[in-house]
Amino acid sequence: MAGKSKKKKSLNFSKISETDSSSSEEEEEKKKKRKKRVVVKKGNVRENPDLKSIKETTKRDKGSSGVVDIEDFSDELSVLKIRASLLDWYDENQRVLPWRKKATSIDQTEEEEETCKRAYAVWVSEIMLQQTRVATVIDYYNRWMDKWPSLHHLAQATQEEVNEMWAGLGYYRRARFLLEGAKMVVDGGGEFPRTVPQLLKVRGIGDYTAGAIASIAFNESVPVVDGNVVRVIARLKAITANPKESETIKSFWKLAGQLVDPCRPGDLNQALMELGATVCTVTSPSCSSCPISEQCHAYSLSKSSESVQVVDYPLKVIKPKPRHDFSAVCVVEILDDQKGTCSSMSSRFLLVKRPEEGLLAGLWEFPSVLLDGEADSGTRRKVMDQYLKKTFELDTRNCSIISREEVGDCIHIFSHIRLRMYVELLVVNLNGGEKILSEKEDSDTTAWKCISSNSIEGMGLTSGVRKVYNMIQLFKKKTSLVYSRSRKKKNTQTK
Ligand code: SF4
């Protein structure tokens, strides 16, 4: 696979070279300028040579301590202008989102309750929004709030229910921490923590979520820094330092803190994030309609030099390559009928619970075994047979195999892992029914359940498991079509 990607890269490169050799003088000049923008690899950072010179001239280069010096927003007037422009723009342009809804006409006694509701709404939405698009989150958020409208409701939920609700959003640890955090607050007396230091003590709440809750719900004058804020500030101040380095991150927090409006901290923070999400976007910022373009250093540099673009900021950092993992997945379908003649509608699927720690902790999946690397189907079957025997004592003595077929493979991407799953469908009759699965001595260490296809449809499954289930359904459809066609053909020939 690595060989393939290398080939692809070299193909792209030769394409660029081809265009180069046939260009006119004018094209050549443009190309020289473009080349200046082409980033070069330096350590794990792509650094634009042109930006490097800007960095030198603006004295933001590394000092003797090796720390990048980033200038503060020292011009008071400019800060006031930025705040005012951002707040005006936000008042006019903010997106209508369910977690931004405010109660109208409430009396004093209801105010406290409303503030806590808002804090809960911010907490849930901000956790959901980490690594997930707004459009995807809206539906999840609404369903979540219908089921658990307050922190106290959530604290009564089980991990199983929360996982079901979260299924498909990914990063399941966030859901677990959200529930643990809710229980922690309720068990501690139920009073919602209001300040950043108090919030940071709650399970699953980090600097970002603490800043969002404290500023938006409780009006504390504290900053919030996410990817959108980093991008806007990096462009505002034309910052060339590596945004992933801890010292630079600290500087972004400091700068965002200088921008926070003491009267409307929550709105200012949301305005910055909203600007990054809708105007100052990663690849196509709309500088001409930006409310703070006058104060934007990157924009002004881009106007005075053709070799600088606002998208050069912040510095692009190469992500580490994901690990390649391989797994054998066996979808075990248990037919109810002892003779194995009943339809698949009356069959049940075996699901196994993952361990409570680690990747996808406590979530349900089809029986799976992580492989040492790529393996042929014979090896995959062997390791799967060993797993089924060890975990459920399933073998030919207690189950009759109706069919066992390779379904295919699919890729599932986690943040740091690229998992290739080899899927097979094993249809069996259990001699003695499902109870034989639990007869295994250490079966209490592996949680499992058998579930009908009807129930599985409505169950909250992780997207990886859903992918496998859909593959199985498609496979069954195709094979039943082939079977019915061949039967039809046979009947016609007999006639
Ligand atoms: S002027 Fe352009 S680059 Fe600067 S903050 Fe606005 S959209 Fe971003």
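Helix axes are lines fitted to C-alpha atoms over the stretch in contact, and angles run from 0 to 180 degrees between N-to-C directions. By this rule, the axes of helix α12 (residues 227-236) and helix α14 (residues 265-278) come within 8 Å and cross at roughly 85°. This is a predicted model, in which local features need pLDDT of at least 70, side-chain atom pairs count only at pLDDT 80 or more, and totals for chains, interfaces and linings use all residues. Residues are numbered from 1 along each chain as its sequence is written.

**Helices α12 and α14**
- N228, V229, R231 and V232 of α12 meet L272, M273, L275, G276 and A277 of α14 (contact: C-beta atoms, placed from the backbone, within 7 Å).
- These contact residues divide into six nonpolar, two polar and one charged.
- Ala, Val, Leu, Ile, Met, Phe, Trp, Tyr, Cys and Pro count as nonpolar, Asp, Glu, Lys and Arg as charged, and the others, Gly among them, as polar.

**Surroundings of the ligand**
- Among the 14 residues around the ligand, C280, C287, C290, S293 and C296 come nearest (near: C-beta atom, placed from the backbone, within 6 Å).
- Two or more residues of this shell come from each of α12 and α15 (297-304).
- Helix α12 gives the largest share, three residues.
- The shell has 12 nonpolar, one polar and one charged residues.

**Helix α8**
- V162, N163 and W166 are buried in α8 (residues 159-166) (20 or more other C-beta atoms within 10 Å of the residue's own, all placed from the backbone).
- Cover for the buried residues of α8 includes α9 (172-187).
- Just after α8, G168 takes a positive phi of about 105°.

How values were computed: A residue is buried if 20 or more other C-beta atoms lie within 10 Å of its own, exposed if 12 or fewer, and partly exposed in between; C-beta atoms are placed from the backbone. Helices (H or I, at least four residues) and strands (E, at least two) are DSSP runs, numbered from the N terminus. Two residues are in contact if their C-beta atoms, placed from the backbone, lie within 7 Å.
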